[in-house]
Amino acid sequence: MFEEIFEEELNRESVFRDASKLSPDYVPRVLVHREDEFRQLTRIFRPVIENRMSQRVLIAGSVGVGKTVLARRFGEELETRAKGRGLNLTYLHLNCRKDKTPYSVIAKILQHYNPRWPYHGLGPEKLLDDVVSYMNAHDVYLTLTLDELDYFIQLNGPDLLYTLTRVTEESGAPNRISIIAIARDKNFLRFLDAATQSTFMHNVLMLDRYTAPQLRDILSQRVGEAFKSGTVEEDTIDLIAEIASKWGDARFALELLWRAGMIADGERKNTVIPDHVRQAKAEVHPEVKREVLRELHPHEKMVLLAIVRKFMASKRAYVSSDDVEKGYHVVCEEYHEKPRLYTQFWEYVKRIEGLGLIDLKPPKSRRMGRHFRISLQEVPVSWLEKELEKLLEGRKT
Ligand SMILES: Nc1ncnc2c1ncn2[C@@H]1O[C@H](COP(=O)(O)OP(=O)(O)OP(=O)(O)O)[C@@H](O)[C@H]1O
Ligand SMILES: [Mg+2]
């Protein structure tokens with residue numbers, strides 16, 4: 001019986017031609033409305049290709065404006081063009097939310113050159129020395145993107161960036177590592193020393209939020225790649241563009257499009273209509289990225305769950321950190337975990353804030369003592385509770 005269900009489902013008509021073209025990791029050949037920024041990056045990197053210099057650039061902009069995809073697409077082109085000119089330059093894209101320590105960033109650079117490099121037990125400086133000697137010996141160049149770098153600097157301070165930008169200064173050899181930093185805004189630069197700060201300040205690319213017409217173009221282009229022709233109505237694209245333009249967020253727009261397509265398939269319709277978008281909207285929230293929730297440490301998930309539950313029980317705009325800590329203890333009990341001590345709990349709260357999931361405000365009056373006020377982004381709390389419970393599910397037994 002299950003064989004039949006399987007075959008039946010696979011043979012069913014679908015509105016999609018290739019749904020993978022809607023996945024967040026897919027890098028399209030053409031990035032509509034980012035031609036100017038691509039050109040600017042090319043200009044900045046011209047001396048890297050022509051004169052073997054190194055460059056530093058910061059790409060900043062709010063959620064879903066194409067920072068990551070622009071860097072990746074540029075990296076592809078850079079590699080190919082450099083090779084065509086006899087320069088051995090490769091591109092490496094690291095996400096600092098995943099590689100959260102200097103050690104892990106440098107180890108990734110080493111692995112980029114040799115997956116079997118014996119690096120265990122060595123400190124980050126020694127590792128970096130190895131990288132530099134390797135690059136000098138093999139005459140290779142690297143363009144390294146540090147994506148979501150603001151998060152990394154908040155956690156680790158500026159040392160890594162300082163070291164990377166000055167890697168070879170002492171040896172007098174040319175610096176072979178160029179850096180593309182990506183962050184939500186450029187405020188984090190103030191944590192860097194004046195010299196490092198200014199090298200990035202020279203080249204800042206600010207990506208604006210997309211307008212509704214721009215989002216419409218992005219969506220139309222992707223519809224062509226991902227859907228069978230004639231399955232997505234114009235009105236559907238217009239409605240998605242309209243909804244997502246409130247945030248100017250292309251990721252949100254594409255996720256709505258994908259979900260609307262799934263709903264159409266689920267209803268066995270052969271066109272995606274505006275009503276499918278309305279249904280999809282109830283399941284997607286631009287303020288919270290699912291992958292961010294997934295990657296939280298289990299205790300961070302529990303702290304966030306405690307915050308969410310406090311909000312479900314109260315209509316106020318804020319909850320106090322003290323109440324949240326008590327709630328966290330209750331959640332720990334539910335999941336048979338030992339609650340962490342206050343300082344660790346507070347670290348978790350700050351990490352969750354760093355990821356943009358909550359806002360922290362200092363106490364309003366002295367009477368409140370050390371109790372911070374916590375507010376939540378504009379997300380339906382019941383949805384967030386469900387998501388977190390799903391992620392924590394395996395821990396209950
Ligand atoms: N100009 C564009 N043309 C086509 N697709 C785009 C464009 N800009 C963004 N996208 C798509 O929108 C989604 C979000 O883009 P991206 O991940 O680059 O955003 P981001 O600015 O890095 O967001 P975040 O700050 O959340 O990391 C991706 O699927 C990307 O392919
Ligand atoms: Mg990104």
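Let me start with the domains: the protein chain is divided into domain 1 (35-206), domain 2 (211-281) and domain 3 (290-395), with bounds that come from an automatic or database domain assignment. The C-alpha centres of domain 1 and domain 3 lie 34 Å apart.

Please keep in mind that this is a predicted model, in which local features need pLDDT of at least 70 and side-chain atom pairs count only at pLDDT 80 or more, while totals for chains, interfaces and linings use all residues. Residues are numbered from 1 along each chain as its sequence is written, and chains are lettered from A and ligands numbered from 1 in the order in which they are written.

As for confidence, the mean pLDDT of the protein chain is 90, with 96% of its residues at 70 or more; pLDDT is the predictor's confidence in each residue, from 0 to 100. Confidence in the protein chain is lowest in helix α13 (residues 290-294), at a mean of 83, and highest in helix α9 (residues 212-226), at 98.

Turning to the overall fold, the secondary structure of the protein chain comes to 17 helices and eight strands, where helices (H or I, at least four residues) and strands (E, at least two) are DSSP runs numbered from the N terminus. The radius of gyration of the protein chain is 24 Å, close to the 21 Å that the globule rule gives for 397 residues, so the chain is as compact as a globular protein of that length; that radius is taken over C-alpha atoms, and the rule is 2.2 Å times the number of residues to the power 0.38. Along the principal axes, the C-alpha atoms fill a box of roughly 60 × 60 × 45 Å.

Of the 397 residues, 34% count as buried, meaning that 20 or more other C-beta atoms, placed from the backbone, lie within 10 Å of the residue's own, whereas exposed means 12 or fewer and partly exposed lies in between. Arg39, whose place is in helix α2 (residues 35-51), counts as exposed because it has 10 C-beta neighbours inside 10 Å.

Strand β3 (residues 141-147), by contrast, is mostly covered, with six of its seven residues buried. Leu89 stands opposite Tyr141 in β3, and Thr143 has Ser178 in β4 as its bridge partner.

Elsewhere, three strands form an open antiparallel sheet in the order β6-β8-β7. Here β6 (319-320) and β7 (358-361) stand at the edges, each with a single partner strand, so one side of each is left without a neighbour in the sheet. Four bridges join β7 to β8 (residues 373-376), and Leu360 stands opposite Ile374 in β8.

Methods: Pairing = 2+ DSSP bridges.
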